[in-house]
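Please look over the sequence and the predicted model shown here. The report that follows goes through some of its elements in turn.

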Amino acid sequence: MAKYLLLKHYRGAPASVNDVPMERWTPEEITAHVAYMNDFAARLEQSGEYVDSRALAPEGTWVQYGGEGKPPVTDGPFAETKDLIAGWMIIDVDSYERALELAGELSAAPGAGGRPIHEWLELRPFLTEPPTVTE
Amino acid sequence: MNEALLRRLTPDVLGVLVRRGAPFAAAEDAVQDALAQAVRTWPDGAPDDPKGWLITVAWRRFVDASRADAARVRREERAAGEPPPGPASGADDTLWLYFLCAHPSLTPSSAVALTLRAVAGLSTRQIAGAYLVPEATMAQRISRAKRTVSGVRLDRPGDVATVLRVLYLVFNEGYSGDVDLSAEAIRLTRQLAAAVDHPEASGLLALMLLHHARRPARTTPDGRLVPLAEQDRTRWDTGAIAEGVEILQTALSRDRLGEYQAQAAVAALHADAPTADETDWPQIVEWYDELVRLTGNPIARLNRAIAVGEADGPHAGLAALAALDPALPRHTAASAYLHERAGDRATAARLYTEAAHQAATLPERTHLTHQAARLNATGP
């Protein structure tokens, strides 16, 4: 059993095959895409592999400790930041192969023309607790 | 209210329901309902016969649920032809459940979840908490597992090895939550070892006891890992060690060696050394040779290389390590350790840094980073 993060990027991932921004899809295509994503999460819950999924607003603020007795320093957003995370899904699966399979399915979400987006998703394993048996 | 008593009675009660003809999945639900009712009502006055009470309440739940669902149940019974055979007698109840819940048709995570619920008597919420997944996800995992085994016919004994693998997983990959999964694994393995005549069940029990004995010394209060050689051995649980060694000796005398007995023998040799310097490394190398012969497991080969480094010196250890796939987990960490022992501190510092990046757990990463920092701070 291992947990993996499926990371979706607004920016920073290589271009997808069906690379048309969502605002140029038809409303029906957007509806179909959202339905696919909801259905995917529901299926994972049914299979006992779902942990969490969240979407993030694209606009964020950079925050830094401002020094003793001073308020935090804020900056940004920086337009030049190359990597921008859009959201994630966390899965709990029996193997790396199963994690790859699920990431592939998520990447097949339909986009413009109802065709799969082939979006690049980043698959990252969670660090775990140490095993009890050590030698 | 004795939750331990409830957990201990769970497989007996479930076995009785199944023997009376209740389908496994429905019986399991009914027993969980009865356990929950016991948790609510026993504090106001526990029954004189807890097991009898649980059987009565669980059976009533099962009958009620069946009536409410009678049409569906009739359809299912027609479709299934006849219900799967249950255990033949009370003595076989628990064993039958172990085999069913570890059935090879289940994935490891499903077998673990089902075993913890049906054999260990934990609630779905407790199991979900232990494995850090939402309760709804764990509920689905368990109900899918129950569907998977619902048609299984267990008319001959199952394979003990599959049950042992599931119990080993529970012991070795316990996370957090309010349930001590290692302690639960020990309890279940103890129960299994008493029910089957199988030296490997005893071997696994000994292995668990010997590793569990070190738990108080394995981490600092702030959660940092303490390597075996640096552990305060006065904090090891001598009672658990004595029990583990005795169980192992009895198992070994049967002359049917297996991987768990061999691993337990390694742990027993560590437990037997008053200080790390007095460890009998040559004998540990011999046990790893046995383990490699039995399993061919690459992790056993890696551990053997480290033991060779202790028995015959770091250069011998590095030579043994060089024969193994560098992509093995902890290969880099082992190499770093042996390089430091060989006096090559610069290489060791570089390798510790690399090993920290590869670590699969946070405490290991922190530990390896500390090792690199220690070497970097004192210079080559």
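## A helix across the sheet

Helix H1 of chain A, which takes in residues 27–46, lies across E1, E2 and E5 of chain A and runs at about 25° to E5(A). Helices (H or I, at least four residues) and strands (E, at least two) are DSSP runs, numbered from the N terminus. Axes are lines fitted to C-alpha atoms, for helices over the stretch in contact, and angles run from 0 to 180 degrees between N-to-C directions, while contact means heavy atoms within 4.5 Å.

This is a predicted model, in which local features need pLDDT of at least 70 and side-chain atom pairs count only at pLDDT 80 or more, whereas totals for chains, interfaces and linings use all residues. Residues are numbered from 1 along each chain as its sequence is written, chains are lettered from A and ligands numbered from 1 in the order in which they are written, and side-chain values use heavy atoms, with hydrogens and water left out.

## The sheet of chain A

In chain A, four strands in the order E2-E5-E1-E6 form an open sheet with antiparallel pairing, where two strands pair if DSSP finds at least two bridges between them. Strand E2 (50–55) and E6 of chain A stand at the edges with a single partner strand each, so one side of each has no neighbour in the sheet. From one strand to the next, the twist averages 20°.

Antiparallel pairing over five bridges joins E2(A) to E5(A), and here Asp52(A) has Ile90(A) as its bridge partner in E5(A). Strand E1 (residues 2–11) and strand E5 (residues 84–93), both of chain A, pair in the antiparallel sense over nine bridges, with Met89(A) in E5(A) as the bridge partner of Leu6(A). E1(A) is also joined by four bridges to strand E6 (residues 122–125) of chain A, again running antiparallel, and the bridge partner of Leu5(A) in E6(A) is Arg124(A).

## A buried residue in chain B

Asn303(B) has its place in helix H16 (residues 298–312) of chain B. Because its relative accessibility is 15%, Asn303(B) counts as buried, a term that means under 20% relative accessible area, with exposed over 50% and partly exposed in between (1.4 Å probe, protein chains only). When its neighbours within four places in sequence are left aside, Asn303(B) is in contact with Glu135(A) and Tyr288(B).
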